Amino acid sequence: MADRIARDRQPWDQGFGLTLILAGGVTHGQKGAFLAADREVDQKTGTIRLAATFANPGNVLRPGQYGRVRAVTKTAHHAVVVPERAITELQGQYQVHIVGQDNKIAVRTVTVGERLNGEWIVTSGLTPGERVAVDGAQFLSDGTTVTPRTFTPSKQR
């Protein structure tokens with residue numbers, strides 16, 4: 001019985017799977033699974049070769065075809081996320097422009113983490129619910145009064 005359970009389990013399957021992005025940005029409709037990793041690091045590129053498997057209904061995937069594989073490596077729960085363009089970098093330090101309750105700007109230094117799809121996770125320096133200036137923030141200084149509008153992210157990602 002235990003042997004049958006082990007065979008039914010997908011390799012490295014933690015419920016996320018791998019995503020294959022084909023040429024032109026088209027996402028393959030089937031999730032993939034990790035198979036094996038080479039222990040040798042390529043000295044020229046600093047990469048490790050991995051093998052994965054994807055279901056191929058309709059023979060969409062062909063030998064020699066190139067694509068990019070995306071993997072979920074961790075999940076950040078209750079993360080504070082801001083649009084990438086709301087963060088400015090100055091001599092290795094990252095800053096955001098906070099819009100206070102009085103609609104005045106306050107510049108604050110933050111620590112950033114992962115960046116994905118045009119957004120950054122802020123790991124410290126910002127608390128949930130604080131309003132951040134997104135567009136034109138680099139032209140604002142401490143104490144400037146603004147008329148805030150709700151930010152609507154574009155659909156392009």
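**Close-up 1. A nonpolar surface patch made of V41, I48 and L50.** In this predicted model, the three residues V41, I48 and L50 together present about 260 Å² of accessible area. V41 belongs to strand β2, which covers residues 32–41. V41 counts as partly exposed because its relative accessibility is 35%, and partly exposed covers the range between under 20% (buried) and over 50% (exposed).

**Close-up 2. The salt bridge between R115 and E84.** The count for the model comes to four salt bridges. In the pair shown here, the closest N and O atoms of R115 and E84 are 2.8 Å apart. E84 has a relative accessible area of 30%, so E84 is partly exposed.

**Close-up 3. The salt bridge between R85 and D135.** The closest N and O atoms of R85 and D135 are 2.8 Å apart. R85 sits in the loop between β5 and β6, while D135 is in the segment after β10 (131–132); the two are 50 residues apart and link distant parts of the chain. R85 is partly exposed because its relative accessibility is 49%. D135, at 55%, counts as exposed.

**Close-up 4. The salt bridge between E130 and R108.** The side chains of E130 and R108 meet at 2.8 Å, N to O. E130 is in the loop between β9 (119–124) and β10, R108 is in strand β8, and this pair of distant parts of the chain is 22 residues apart. E130 is partly exposed, with 27% relative accessibility. R108 is also partly exposed, at 29%.

**Close-up 5. The largest pocket.** This pocket holds about 550 Å³ of space. Its lining has 21 residues, and those nearest the centre are V72, K74, E114, L116 and I121. Two or more lining residues come from each of β4 (67–71), β8 and β9. By class, the lining has nine nonpolar, five polar and seven charged residues.

**Close-up 6. The second largest pocket.** About 460 Å³ of space lies in this pocket. It is lined by 18 residues, with V132, A133, V134, R149 and F151 nearest its centre. The elements giving two or more residues to this lining are β5 and β10. β5 gives the most, with three residues. The lining divides into twelve nonpolar, three polar and three charged residues.

Methods:
Residues numbered from 1 in each chain as written. Predicted model: local features only at pLDDT ≥ 70, side-chain atom pairs only at ≥ 80, totals over all residues. Heavy atoms only, no water. Patch = residues over 30% accessible without salt bridge, like charges linked within 9 Å, V, L, I, M, F, W, Y side chains within 5 Å. Areas by Shrake-Rupley, 256 points an atom, 1.4 Å probe, with all protein chains shown as cover. Helix = DSSP H or I, 4+ residues; strand = E, 2+ residues; numbered from the N terminus. Buried < 20%, exposed > 50% of the residue type's maximum accessible area, 1.4 Å probe, protein only. 1 Å grid on protein atoms, 1.4 Å probe; cavity = no way out; pocket = protein on both sides within 12 Å on 5 of 7 lines; lining within 4 Å. Points joined across faces, edges and corners; volume = space filled by probe spheres on them. Nonpolar A, V, L, I, M, F, W, Y, C, P; charged D, E, K, R; others polar.
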